[in-house]
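Hi,

Here is the structure I promised to pass on. Have a look at it first, and then read my notes below.

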Amino acid sequence: MSFTGKYQLVSQENFEPSMKALGVPDDLIQKGKDLKSISEIEEAGDNFKVTITTGSNVITNSFTIGQETELLSVTGEKIKGVVHREGNKLTVSLKGIESTTELVDANTIVNTITVGGIVYKRTSKRM
């Protein structure tokens, strides 16, 4: 299955505690908690471009599977990491943050971020 497409956030678990653990300021957490972000994924072989738009905040990351790259974090920090692919899962470790994005079926993506023992889970549906 291809990750390519546009997905809208439909549910999230542990948003506030995980954002605090990542160092996101309280005012931004309050602004962001009710926004339904849209993720746009472009996949061409091992090359990916992921754009996440939440309100007026846009984060774009481009990477090639298995190659070190600089990724922009939720806080705007640039962190080097290597994205790996196992079937329909993309995984990356960035400075104590474990992130897995899984295409669970043709229309659903689940992103799980673990930081400091807190698991943040986002479920998005294809638009």
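What follows is a short tour, from the whole chain down to a few side chains.

A word on conventions. This is a predicted model, in which local features need pLDDT of at least 70 and side-chain atom pairs count only at pLDDT 80 or more, while totals for chains, interfaces and linings use all residues. Residues are numbered from 1 along each chain as its sequence is written, and side-chain values use heavy atoms, with hydrogens and water left out.

**The whole chain**

The chain has 2 helices and 11 strands, where helices (H or I, at least four residues) and strands (E, at least two) are DSSP runs numbered from the N terminus. Along the sequence their order is β-α-α-β-β-β-β-β-β-β-β-β-β. The radius of gyration is 14 Å, close to the 14 Å that the globule rule gives for 127 residues, so the chain is as compact as a globular protein of that length. That radius is taken over C-alpha atoms, and the rule is 2.2 Å times the number of residues to the power 0.38. Along its principal axes, the C-alpha trace spans about 40 × 30 × 25 Å.

Of the 127 residues, 35% count as buried; buried means under 20% relative accessible area, exposed over 50%, and partly exposed in between (1.4 Å probe, protein chains only).

**Around strand β10**

On one side, β10 runs antiparallel to β9 (residues 97-105), joined by 8 bridges; strands pair if DSSP finds at least two bridges between them. These two strands form a hairpin with 2 residues between them, and Asp105 has Thr108 as its bridge partner.

β10 is also antiparallel to β11 (residues 118-126), again through 8 bridges. Here too there is a hairpin with 2 residues between the strands, and Gly116 in the turn has a positive phi of about 55°. Two of the facing pairs are Thr114 with Val119 and Asn111 with Arg122. β11 in turn pairs with β1 (residues 5-13) in the antiparallel sense over 6 bridges, with Glu13 bridged to Lys121.

The Ser99 side chain makes a polar contact with the side chain of Asn111 at 3.4 Å. (A polar contact is a pair of N or O atoms within 3.5 Å; within protein, one must be able to donate a hydrogen and the other to accept it, and residues adjacent in sequence count only if both atoms are side-chain atoms.)

**The aromatic rings**

There are 3 aromatic pairs, counting rings of Phe, Tyr and Trp (its six-membered ring) with centres within 6.5 Å; planes under 30 degrees apart are stacked, over 60 edge-to-face, and the rest tilted. Phe48 and Phe63 have ring centres 5.3 Å apart and planes at 5°, so this pair is stacked. Phe48 sits in β3 (residues 47-54) and Phe63 in β4 (residues 57-64), so the pair ties together parts that are 15 residues apart in sequence. Phe48 is buried at 3% relative accessible area, and Phe63 is buried at 10%. Together with Phe3, these two residues form one aromatic cluster.

Best wishes
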